[in-house]
Amino acid sequence: MCFRKLFSLLALASALTAGEAARAATSLPNIVVILSDDLGYGSINSYGADPKLVQTPNIDRLAKEGRRFTDANTTSSVCSPTRYSLLTGRYCWRTTEKHGVLSTFSPLHIESTRLNMASLLKKHGYTAAAVGKWHLGYGTATDNPNWRTDYTAELSPGPLDIGFDYHFAVPANHGDLTGVFVENRFVYGLRSGKMPEGVKIADLGPDEAQNFQDSYGPEDTEGGRGNILPLDAPRRKNDRVMAQLTLKATRWIEQQPEDKPFFLYFTPVAAHNPITPDKDIAGKSPAGLYGDWINELDRSVGAILETLEKKGVAQNTLVLFTSDNGGVLKTDGDTPQTQAYKAGLKVNGALRGRKHDVWEGGFKVPFMVRWPGQVPAGSTSNEMISLVDILATTAEIVGEPLPSAEKAAEDSRSFLAALKGDAKSPVRNDMIVHSSDGVYAIRKGPWKWVEGVPAEGIKAAAKKLNASQFRPQLFDTKDDPAEEKDVSAAHPEVVEELRTLLVRYRDGGYSRELPPAVVKQTEKTVATMEKAPGGIVLEADLQEFPKAPWVARKDNWTARDGGLWGSQLAKDKNGAVMRVPVSLTDGVIDYEIAFDGANRHSLRIEWGDKKGSFRVEVSPEAVGLTKNPSPGEAKEAIGRIARKPVKLAQKTWYPVRITFKGDKATVQVNDAVIEGTHAVLGEPKNALNFLVFESSAGFRNLRVTN
């Protein structure tokens with residue numbers, strides 16, 4: 001009897017605990033983050049867009065009923081890095097992505113063990129969904145140089161492996177090469193593929209049929225690209241992508257239980273290229289199709305807000321609207337953005353620059369938050385904040401202490417006090433931004449210092465086009481918000497302070513707080529190799545331009561600094577080339593290489609009577625071994641045999657050794673080694689071609705032995 005009473009009391013206590021947990025969960029706000037794509041600072045009415053050109057009443061409603069920030073910034077001026085930062089609270093340049101964006105075929109970029117918004121909120125009882133443009137990769141890469149995301153198979157790990165419960169997405173970009181949607185772990189509506197037994201792919205609903213088409217061609221892609229994936233699945237219809245994403249997002253909200261809070265990460269494709277407004281909107285904006293596209297984004301936001309109201313949860317939902325980077329600004333040509341510009345739309349307001357740039361037009365974005373009863377309606381904040389701060393702010397809202405800065409959310413600082421309007425001190429004293437070309441800039445107070453050094457691997461055309469961004473400079477963004485005057489000469493002490501702070505944050509591993517000063521090793525470790533044994537087939541120190549049988553144009557090659565340096569000229573479509581005959585089957589090719597801005601070097605090795613070839617590729621970032629198309633094969637018939645990342649410093653001589661034995665080759669560049677097997681590697685080799693792409697690379701001490 002006593003045992004029964006004890007059991008009953010324990011059951012009652014358990015029920016009370018569960019009830020308290022449920023009540024605690026329902027007291028937490030629902031969170032909806034709407035991250036638009038390429039929407040510039042001046043593209044909506046509440047940030048200065050002319051209502052005669054575009055009309056954004058739904059987005060502006062968030063400003064009227066909540067708080068508008070005038071100094072909100074993305075971490076990057078392109079999309080993938082900012083999306084990574086928003087979800088993880090970490091600058092993306094701390095990962096392998098040092099410039100540009102992820103490929104359509106990249107693996108999942110967010111580590112499955114890393115704290116992110118979905119995994120954090122899941123601990124507090126939230127259900128989470130990621131609906132819209134993803135562009136953060138799927139799967140795990142292997143050592144196979146031909147690995148890439150396989151859209152015919154299970155797309156895992158993916159969003160469901162980092163905390164999301166539901167996922168519906170455009171895999172990379174609007175107009176990407178997939179032409180499909182992804183739902184959870186598979187291409188949506190996939191009819192044939194590598195599906196595990198028992199997996200049932202969802203059928204399209206009757207209300208979705210109009211959002212799809214039977215085929216998807218180059219005309220549907222951004223820039224009219226070919227090589228579209230041959231997937232057996234319903235194809236996206238560009239002018240209905242926004243409708244389909246909005247349908248999935250609103251339907252998911254409607255399905256959420258009342259006793260659990262939810263988190264929706266909604267990422268519309270507007271206003272990214274291609275510009276494809278729905279037929280019922282197209283042609284109505286005086287700013288042309290681009291204005292229509294912005295209006296469709298606004299309609300989508302309106303549908304989200306209406307769904308929250310119909311469900312009766314609007315009063316307990318925090319809605320945050322922003323963009324992943326600045327807008328695409330085009331002033332010439334015949335593009336939708338050009339037409340909008342000529343009509344008077346100032347995509348990025350009065351800011352300098354655009355998407356991709358290190359200027360403010362690449363980073364400063366609209367940012368508004370509505371949270372009834374918590375955020376003062378109709379208010380404005382001039383606080384400097386970053387999208388990387390959203391994670392720390394979310395953590396404070398749900399009462400979750402962040403791990404130490406060394407472990408997670410390395411660069412995220414909560415702006416909850418600024419959100420509520422009761423901040424006693426600035427959210428941030430400083431902030432780092434990063435351009436598509438890998439140029440760092442740091443802001444502190446009114447000052448912005450641009451380091452001006454692009455990432456390795458940036459092509460010569462970009463260096464020429466963006467030369468104004470590739471030098472150190474200082475701006476007073478308060479007195480000169482358009483960044484027109486470099487004042488570094490007048491304020492060397494500010495330059496030194498910001499330069500030192502940038503280096504400390506970058507090398508220290510985090511910026512949520514000031515890390516200890518790190519003394520980086522400046523030594524360049526260069527491997528040493530013993531001379532390969534065997535008879536000498538060819539030897540050249542390359543201290544000067546070689547004589548016959550070497551063949552090359554002298555205007556591409558210069559003898560200097562102890563080697564022979566090649567540079568690709570504008571007229572050279574295939575790079576700077578220097579060729580020498582050789583007779584080798586099994587044996588070793590040794591030489592040294594140094595980079596001085598070159599994008600990459602290829603050693604193209606000719607084999608057999610039919611002049612087939614393969615190549616050893618060396619760049620400051622990777623070494624690879626690749627079979628070239630044989631005579632009669634299509635240009636696309638290349639075969640990656642092996643590949644590995646490396647890190648080579650500029651203007652440093654590194655050893656290269658290529659060893660052939662039968663159909664196997666071993667390539668060593670400094671201390672990195674790759675191996676590959678292919679029939680062509682065992683063929684008699686009859687010529688070496690030293691190629692340099694862009695800028696300059698040097699060679700010396702060539703030695704071929706058998």
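## A tour of the predicted model

Start by colouring the protein chain by pLDDT, the predictor's confidence in each residue from 0 to 100: the average is 93, and 95% of the residues score at least 70. Now select residues 1–25, where the pLDDT is below 50; beyond near neighbours in sequence, this stretch has three contacts (heavy atoms within 4.5 Å) in the model. Because this is a predicted model, local features need pLDDT of at least 70 and side-chain atom pairs count only at pLDDT 80 or more, while totals for chains, interfaces and linings use all residues. Residues are numbered from 1 along each chain as its sequence is written, and side-chain values use heavy atoms, without hydrogens and water.

Next, select helix α5, residues 241–254. Helices are DSSP runs of H or I with at least four residues, strands are runs of E with at least two, and both are numbered from the N terminus.

Move on to the open sheet, whose four strands run β13-β14-β15-β16 with antiparallel pairing; strands count as paired if DSSP finds at least two bridges between them. β13 (430–434) and β16 (473–476) are the edge strands, each with a single partner, so one side of each has no neighbour in the sheet. Zoom in on β15 (residues 447–450), which pairs with β16 over four antiparallel bridges; here Trp449 stands opposite Leu474 of β16.

Methods. Expected span 1.5 Å × (residues − 1).
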